[in-house]
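Me: Hi! I have a structure open and would like to talk it through with you. Could you keep the answers plain?

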Amino acid sequence: MCPYLLYGEGRRDRKFLEALASVPQFQYHTKGWIPKFDNWHGCSAKNTIEGCRKAFCKYGAKFTICLIDIDDLKHDYPEDWDEQKLKIEQDEVGWLSIVWQYENAEDEYRKVIPDLYNGDKTAKNREAVRRIAEFVNCDLWKRIMEEFERKAEFEKKKQEKDT
């Protein structure tokens, strides 16, 4: 069994990822992988990736899925955020997969739970965690699962090449 890291920008993201990974359907699709969780304190995309790199080494993970709010990128690079996004993605290495949250985690939650009230971020996250089963097969789920599939395919090709 190989460890992988689910990495979020902040504590709330980490709690959401821990809840998501506890869903039986998630566990089914990630069998053979051992989840590890960590988070940064939320700020720029590049700083989040740097924190992700440190956590990756700390846990000895095989690969990392890092969730980053795209609004941070838009804040850091208002004129050319889309170009910066492509540059960051091109700089990705084999250990890192970025899942961009449009615009932020709370917007992702609202896509799945439209009646999510206008409370503070902590309250929204608590409600998303409480209703985590509703996130199965949502757009965010699919983007995360695509990264697992991509990594599994990469590992399969690597194994075939080694034999």
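Me: Let's start with asparagine 137: does it count as buried or exposed?
Reply: Asparagine 137 counts as exposed, because its relative accessibility is 52%. Here buried means under 20% relative accessible area, exposed means over 50%, and partly exposed is in between, using a 1.4 Å probe and protein chains only. Before we go on: this is a predicted model, where local features need pLDDT of at least 70, side-chain atom pairs count only at pLDDT 80 or more, and totals for chains, interfaces and linings use all residues. Residues are numbered from 1 along each chain as its sequence is written, and side-chain values use heavy atoms, with hydrogens and water left out.

Me: Thanks! Where is asparagine 137, and what is its phi?
Reply: Asparagine 137 sits in the loop between H7 and helix H8 (139-162). Its phi is near 70°, which is a positive value in a residue other than glycine. Helices (H or I, at least four residues) and strands (E, at least two) are DSSP runs, numbered from the N terminus.

Me: OK, on to H3. How many residues does it have?
Reply: Helix H3 (residues 45-59) has 15 residues. From first C-alpha to last it reaches 21 Å, close to the 21 Å expected at 1.5 Å a residue. That expected span is 1.5 Å times one less than the number of residues.

Me: Which residues of H3 are buried?
Reply: Ala45, Thr48, Ile49, Gly51, Cys52, Ala55 and Phe56 are buried in H3. Seen down the axis, they fall within an arc of 160° (taken from the directions from the helix axis to the C-beta atoms), so they line one face of H3.

Me: Why would residues a few places apart point the same way?
Reply: An α-helix has 3.6 residues a turn, so residues three or four places apart point the same way.

Me: And what is on the face of H3 turned away from its buried side?
Reply: That face carries the exposed residues Lys54, Cys57 and Lys58. The buried residues of H3 pack against several elements, including strand S1 (2-8), strand S3 (63-69) and helix H5 (81-91).

Me: New topic: tryptophan 95. Where does it lie, and what does it touch?
Reply: Tryptophan 95 lies in the loop between H5 and S4, and counts as buried at 13% relative accessibility. Not counting residues up to four places away in sequence, tryptophan 95 touches Ile49, Cys52, Arg53, Phe56, Lys62, Phe63 and Thr64. Contact means heavy atoms within 4.5 Å.

Me: What about threonine 30, what is it in contact with?
Reply: Leaving aside neighbours within four places in sequence, threonine 30 is in contact with Tyr4, Met145 and Phe148. Threonine 30 is in the loop between helix H2 (24-29) and strand S2 (33-39), and counts as buried at 4% relative accessibility.

Me: Last one: which residues of H6 are buried?
Reply: Ala105, Glu106, Glu108 and Tyr109 are the buried residues of H6. They cover an arc of only 155° around the axis, which puts them on the same side of H6. What covers them includes H1, S3, S4, H7 and H8.
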